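Q: Could we go through this structure together? I should like to ask about a few places in it.

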Amino acid sequence: MNYTNLFRIAIRALIRNKLRAFLTMLGIIIGVASVIAMLAIGEGSKQKIRGQISSMGTNMVMVMPNMQRRGGVSLGSSSSMVLKYSDVQSLRNEATALSAVSPEVMASGQVIYSNQNTQTTIYGVSEEYLEIKKLEVLSGRFFNTNEIKDMSKVCILGQTVVTNLFGAGADPVGLSIRIKNLPFLIIGVLKDKGESGMGQDQDDLILAPYTTVQRRLAAIDYINGIFASAVSEEKSPTAIAEVEEILRRTHKLKESAENDFRVMSQTELLKTVTSITDIMTYLLGAIAGISLLVGGIGIMNIMFVSVTERTREIGLRMSIGGRGKDIMKQFLAESIILSILGGIMGVLFGYLLARLAGSLMTSHAIVKTQSVVLAFIVCFIIGVFFGWYPARKAANLNPIDALRYE
Amino acid sequence: MNNSIIEIKSLRKDYHVGEVTVHALRGVDLKIHEGEFVAIMGASGSGKSTMLNILGCLDKPTYGDYLLDGVNVNTMNNDALARFRNKKLGFVFQSYNLLARTTALENVELPLFYNPNVRSRERKESALRALEAVGLSDRMHHMPNQLSGGQQQRVAIARSLVNDPVLILADEPTGNLDTRTSFEIMELFQDLNDKGRTIVYVTHETDIARFATRNVTFRDGKIQRESNVSERLDAREILKTMPVEAIEEFD
Ligand SMILES: Nc1ncnc2c1ncn2[C@@H]1O[C@H](COP(=O)(O)OP(=O)(O)OP(=O)(O)O)[C@@H](O)[C@H]1O
Ligand SMILES: [Mg+2]
């Protein structure tokens with residue numbers, strides 16, 4: 001029997017039982033659709049998070065104090081005070097893999113404009129901060145070296161602060177606000193940046209000269225962190241090594257001592273997050289895969305029922321010249337057609353599902369070609385694997401017994 | 001009438017059911033020539049169906065030789081037997097055995113699907129010709145449940161004809177039909193036989209057996225009697241004298 005005939009016979013047999021064929025396929029459809037949708041959602045959120053991390057800054061290298069903790073208890077506050085402005089200077093002077101370095105001093109407190117007030121974080125930084133963090137001034141200007149030197153009470157507002165104090169879209173440049181009861185002149189407004197990958201509002205901030213924040217608002221002599229840009233993504237690891245080497249030296253750490261600071265790079269963060277989202281994607285895919293397996297078992301189940309129910313048909317086919325292998329091929333073809341057809345519908349359905357989920361989660365669900373190809377291969381294998389035993393059972397029937405079957 | 005299509009020598013068939021051995025056939029010798037029209041008769045349980053199944057290569061004898069069209073069937077494996085059934089034999093069953101929800105035409109085409117040498121156009125043409133031969137070309141797109149019992153049996157006969165077999169085997173082909181319809185089936189068989197087709201059928205009814213040229217009567221797994229039919233009936237003549245009943249075919 002040639003393959004065109006085989007295909008025709010199998011198709012005709014399936015068409016004779018349209019409803020049952022469809023119900024059998026349903027398991028595969030749901031299985032494939034959920035695998036496709038899950039992989040697409042996973043891939044979509046991965047790319048979204050990657051995008052957000054990239055938008056956080058330019059090849060960013062971050063230095064934080066290494067808070068010594070034991071059993072969740074901070075071992076004295078001194079460990080959070082290890083970074084000084086002199087460290088920023090050392091890095092600027094010595095690190096060749098860094099293109100820009102800025103200190104970061106944080107203070108949080110109430111900000112008041114006439115009868116409006118809001119709670120926010122004030123970041124004390126230097127001019128390089130804009131470039132490092134990929135921030136843009138929407139209106140007005142950023143502060144300059146003189147204002148840093150003079151500890152000027154000038155500030156630049158993020159969009160959330162603008163909205164909270166002046167209403168959405170207002171331009172408060174030139175107005176004065178009170179931060180922790182000190183008057184500050186608004187000299188600029190930042191362009192909005194949206195949520196970060198960690199769900200943090202990146203527009204809920206005020207920027208001011210680090211000197212001003214350090215002395216006037218926080219009253220401390222250390223800085224909270226250092227933000228820098230590596231000259232390129234490839235240079236990120238070099239930059240980290242340089243920073244460690246320089247800071248260990250300036251902090252006069254002994255050979256055996258642990259770092260009293262932590263250095264992270266955006267590139268590393270990206271790698272970590274990517275591997276986490278990958279694991280999540282595979283996990284989701286595997287869970288969805290179980291429903292595909294159940295769908296496959298559904299096919300086997302129905303094929304067994306079908307063989308029993310069609311015993312007389314099998315007997316007849318044998319009596320008019322069907323060999324065991326012809327019967328076997330017919331049932332295998334039926335189960336493969338069912339699973340492949342179910343696979344096609346499942347991919348379409350999964351694609352729609354992914355788009356729907358994507359629009360609900362405000363992230364794109366991305367259906368990759370690989371997962372579609374994989375789905376078809378898996379469906380073919382399911383068709384062969386779960387069709388095999390029922391088909392063999394059919395092929396091994398004795399024609400007379402099959403014809404006599406009631 | 002000299003070429004023997006079927007040649008059977010001291011053929012036996014035993015069935016083992018648990019401890020008991022049933023001797024369904026206990027030494028049968030039979031010769032059937034090309035162009036013969038043979039009716040197998042006998043009481044229930046005398047071994048008629050067993051004989052026919054062996055003749056149709058659906059079952060193998062326990063002992064004895066069976067030459068079909070000059071080939072010793074005993075030496076063939078299952079696949080070869082299937083090939084043989086496909087090319088040389090046509091079956092007609094008491095219960096028609098048509099595929100449900102499948103048109104008459106597709107049912108008739110079925111044997112040709114198992115013949116790799118038949119192309120799809122030839123297949124359709126042969127099926128149409130076979131349907132025409134049984135007078136049902138106007139019903140080719142009907143499903144079995146849209147046909148009367150007699151029509152269904154004619155579709156089954158068309159199916160048995162489609163591969164141009166050397167031998168047609170029918171196990172009680174009129175068993176489920178009323179008298180008039182039975183005679184119509186016999187008329188069809190007589191036509192086919194007149195055109196040279198060899199036919200062997202099983203029947204309980206003596207008047208149905210009288211359409212054949214020869215009767216073979218079984219008893220307890222043995223041939224009790226073989227006789228040429230002396231006053232052979234002509235189905236067409238009888239049908240002319242029979243009143244057409246109201247329940248017959250609607251057009
Ligand atoms: N598959 C089987 N297993 C066991 N015994 C069987 C089997 N088939 C037939 N027999 C036995 O063989 C004997 C002959 O059966 P067979 O079907 O040939 O009779 P038959 O002449 O066709 O009868 P009927 O006119 O009722 O159809 C019976 O005794 C029957 O019980
Ligand atoms: Mg019988």
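Q: In which loop of chain B does B:Asp164 lie?
A: B:Asp164 lies in the loop between α5 and β7 of chain B. Helices (H or I, at least four residues) and strands (E, at least two) are DSSP runs, numbered from the N terminus. This is a predicted model, in which local features need pLDDT of at least 70 and side-chain atom pairs count only at pLDDT 80 or more, while totals for chains, interfaces and linings use all residues. Residues are numbered from 1 along each chain as its sequence is written, chains are lettered from A and ligands numbered from 1 in the order in which they are written, and side-chain values use heavy atoms, with hydrogens and water left out.

Q: Is B:Asp164 buried or exposed?
A: B:Asp164 counts as exposed, at 52% relative accessibility. Buried means under 20% relative accessible area, exposed over 50%, and partly exposed in between (1.4 Å probe, protein chains only).

Q: And what is its phi?
A: B:Asp164 has a positive phi of about 55 degrees, although it is not a glycine. Most residues other than glycine have a negative phi.

Q: What about A:Lys134, then: where is it?
A: A:Lys134 is in the loop between α4 (129–132) and β6 (137–140) of chain A. A:Lys134 also has a positive phi of about 55 degrees without being a glycine, and it is partly exposed, with a relative accessible area of 42%.

Q: Back to chain B. How many residues does α5 have?
A: Helix α5 (residues 149–161) of chain B has 13 residues. From its first C-alpha to its last it reaches 18 Å, close to the 18 Å expected at 1.5 Å a residue. The expected span is 1.5 Å times one less than the number of residues.

Q: How many of those are buried?
A: In α5(B), 12 of the 13 residues are buried, so the helix is largely enclosed by the rest of the structure. Among them are B:Val155, B:Ile157 and B:Leu161.

Q: What do they pack against?
A: The buried residues of α5(B) pack against α10 (311–319) of chain A, together with β6 (89–92), α3 (104–113), α4 (120–133), β7 (167–171) and α6 (179–194) of chain B. Contact here means heavy atoms within 4.5 Å.

Q: You mentioned α6(B). What span should its 16 residues have?
A: At 1.5 Å a residue, the 16 residues of α6(B) should span 22 Å, and the end C-alpha atoms are 22 Å apart, which agrees. The helix is mostly covered, with 12 of its 16 residues buried. The buried residues include B:Phe183, B:Ile185 and B:Phe189.

Q: What caps its N-terminal end?
A: B:Asp178 caps the N-terminal end of α6(B), with a side-chain oxygen 3.3 Å from the backbone nitrogen of B:Arg180. After α6(B) comes B:Gly196, whose phi is positive, near 105 degrees.

Q: New topic: what surrounds ligand 1?
A: Ligand 1 is surrounded by 15 residues, and the closest are B:Ser44, B:Gly45, B:Lys48, B:Ser49 and B:Thr50. A residue is near a molecule if one of its heavy atoms lies within 4 Å of it. The surrounding residues come from chains A and B, so the site is shared between chains.

Q: Which polar side-chain atom lies 2.7 Å from an oxygen atom of the ligand?
A: That atom belongs to B:Ser49. Oxygen atoms of ligand 1 are also 2.4 Å from an N or O atom in the side chain of B:Ser44 and 2.6 Å from one in the side chain of B:Thr50. The protein covers 69% of the 630 Å² of accessible area that ligand 1 has on its own; such areas come from the Shrake-Rupley method with a 1.4 Å probe, and for residues only the protein chains shown count as cover.

Q: Which element gives the largest share of the shell?
A: The largest share, 3 residues, comes from α1(B).

Notes: A polar contact is a pair of N or O atoms within 3.5 Å; within protein, one must be able to donate a hydrogen and the other to accept it, and residues adjacent in sequence count only if both atoms are side-chain atoms.
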